[in-house]
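Subject: Structure for you to look at

Hello,

Here is the structure I said I would pass on. Please open it first, then read my notes below with it in view.

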Amino acid sequence: MWRWTSLPRLRNCGRVTVSGTGGPVLRITETAEGVRRAGVAGLQSCGSPWACPVCSRKIAAQRTAELRDVLAAVAAGGGSVHMLTFTMRHRRGQALRDLWTALSKAWRAVTSGRAVERERARYGLLGMVRVIEATHGEHGWHLHVHALVAFDGPVSRELAATLGADMFGRWERALLRAGLAAPLEDRGGLDVRPVDLGSGSIDAVAEYLGKITVEITGGSMKEGRRGNRAPFAVLRDALATGLADDAELWLQWEAASRGRRQVAWSQGFREWAGLHVERTDEEVAAEETGTADDDVLAVAPESWPMLRPYLAEWLDVAERDGRAAASAWLTVRGIGWNSVSQRPRNSLHS
């Protein structure tokens, strides 16, 4: 992806040092169970939750933890949660950017205005969190919204369905104003399901929503129903086959998803649950595991391009056998390095 992505930040992600000069640093930490972990500090990150296979995993892990905390807070307060899914009609040839713009307008119609204030009072709404899911199939790009709706007490399936129907009406009317349409409510346009707030279920729901836009782990790389593919499955196929159609689809995805929020919270919901101020995707992705005290050696700036293609192999060596083995691996291959404790870096090994 470094060679042909359309996103400048992605071209530098994990490839260029933060300062633009110098070499990256090997950082070795140990888990509470005594397991050694190795990573590289000092590299730029793009912070894309949509288009970066590395940053998206890190961001999804953070958002999953936040979703889990919010669901646990609702459960502790005696509340309840339903998941509502809103879909929209689409056809082959429609531009992804246009579909996404229409979806954004429709969701604003669902979550703003006087009707929302009335619903908040009538149903005891605590707040909502929204995640967008995207796939591509025979009929083009398909976008839909998954929303967790939290209530301050028990709410029956029937009452939640009534609320969902009111929301769906605003969703449908907004899509019509944008020149699109939603499927009929009883034919897949709206789905309302209660969420079990038992501890195991909370984990499952949080992980499902947190990973819904990542979809590069486990079975999520497989094709969905009717041959629909998640964006990262499109990328996988583009890299594996070199087909121009798949490459073009991926570039469409990069352009349309750029700058859009992966997870959106209703106003005040995070604060109600006691969560800290939300960090941006870029801030989450840039956070490095461990501290400078865990830095063991620095790669020479001129040698970093030589190491980059073999980085995973080198990190495996560092995790398995430690610092001495990692430095020996570099020396044997003529890759310059120096001990962090020996800064300034003017006595490089080769």
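M83 stands opposite L148 of strand β5. Strands here are DSSP runs of E with at least two residues, helices are runs of H or I with at least four, and both are numbered from the N terminus. Two strands count as paired if DSSP finds at least two bridges between them. This is a predicted model, in which local features need pLDDT of at least 70 and side-chain atom pairs count only at pLDDT 80 or more, while totals for chains, interfaces and linings use all residues. Residues are numbered from 1 along each chain as its sequence is written, and side-chain values use heavy atoms, with hydrogens and water left out.

The main sheet

β5 covers residues 140-151. Its partner β3 (residues 80-87) pairs with β5 in the antiparallel sense over eight bridges, and T87 stands opposite H144 in β5. Strand β4 (residues 125-137) also runs antiparallel to β5, and twelve bridges join these two. Within that pairing, R130 has A147 of β5 as its bridge partner. β4 and β5 form a hairpin, with two residues between them.

In what order do the five strands of the open sheet come? The order is β6-β3-β5-β4-β7, and the pairing is antiparallel. β6 (190-195) and β7 (263-265) stand at the edges with a single partner strand each, so one side of each is left without a neighbour in the sheet. From one strand to the next, the twist averages 20°. For such angles, axes are lines fitted to C-alpha atoms (for helices over the stretch in contact), and angles run from 0 to 180 degrees between N-to-C directions.

Helix α3 (residues 96-111) lies across β3, β4 and β5, and runs at about 20° to β5. Helix α6 (residues 199-210) packs on the sheet as well, where it touches β3, β4, β5 and β6; its direction makes about 145° with that of β5. Contact means heavy atoms within 4.5 Å.

β5 is mostly covered, as twelve of its twelve residues are buried. Buried means under 20% relative accessible area, exposed means over 50%, and partly exposed is in between (1.4 Å probe, protein chains only).

V81 is in strand β3 and is buried, with a relative accessible area of 3%. Not counting residues up to four places away in sequence, V81 touches L71, V74, L148, V149, A150, P194, V195 and L197. V81 and P154 are 73 residues apart along the chain, and their C-alpha atoms are separated by 8.4 Å.

K105 lies in helix α3. With 44% relative accessibility, K105 counts as partly exposed. K105 and V340 are 235 residues apart in sequence, and 52 Å apart in space from C-alpha to C-alpha.

Cavities

Rolling a probe the size of a water molecule over the atoms shows where empty space is left. A cavity is a set of points, on a 1 Å grid over the protein atoms alone, where a 1.4 Å probe fits but cannot get out; lining residues have an atom within 4 Å of a point. Grid points are joined across faces, edges and corners, and a volume is the space filled by probe spheres set on the points.

How many cavities of 30 Å³ or more does this rule give? The count is two. The largest cavity has a volume of about 50 Å³. Its lining consists of L67, V70, L71, V74, V81, G127, V129, L148, V149, A150 and F269. The elements that give two or more residues to this lining are α2 (55-76), β4 and β5. α2 gives the most, with four residues. Ten of the lining residues are nonpolar, one is polar and none is charged. In this division Ala, Val, Leu, Ile, Met, Phe, Trp, Tyr, Cys and Pro count as nonpolar, Asp, Glu, Lys and Arg as charged, and the others, Gly among them, as polar.

β1 pairs with β2 (residues 36-41) in the antiparallel sense over six bridges, and E30 has R36 of β2 as its bridge partner. These two strands form a hairpin with five residues between them, and G34 in the turn has a positive phi of about 85°. β1 also runs antiparallel to β8 (residues 295-299), joined by three bridges. There, L26 has L297 of β8 as its bridge partner.

Regards

Conventions: On a 1 Å grid over the protein atoms alone, a cavity is a set of points where a 1.4 Å probe fits but cannot get out, and a pocket is an open set with protein on both sides within 12 Å along at least five of seven lines; lining residues have an atom within 4 Å of a point.
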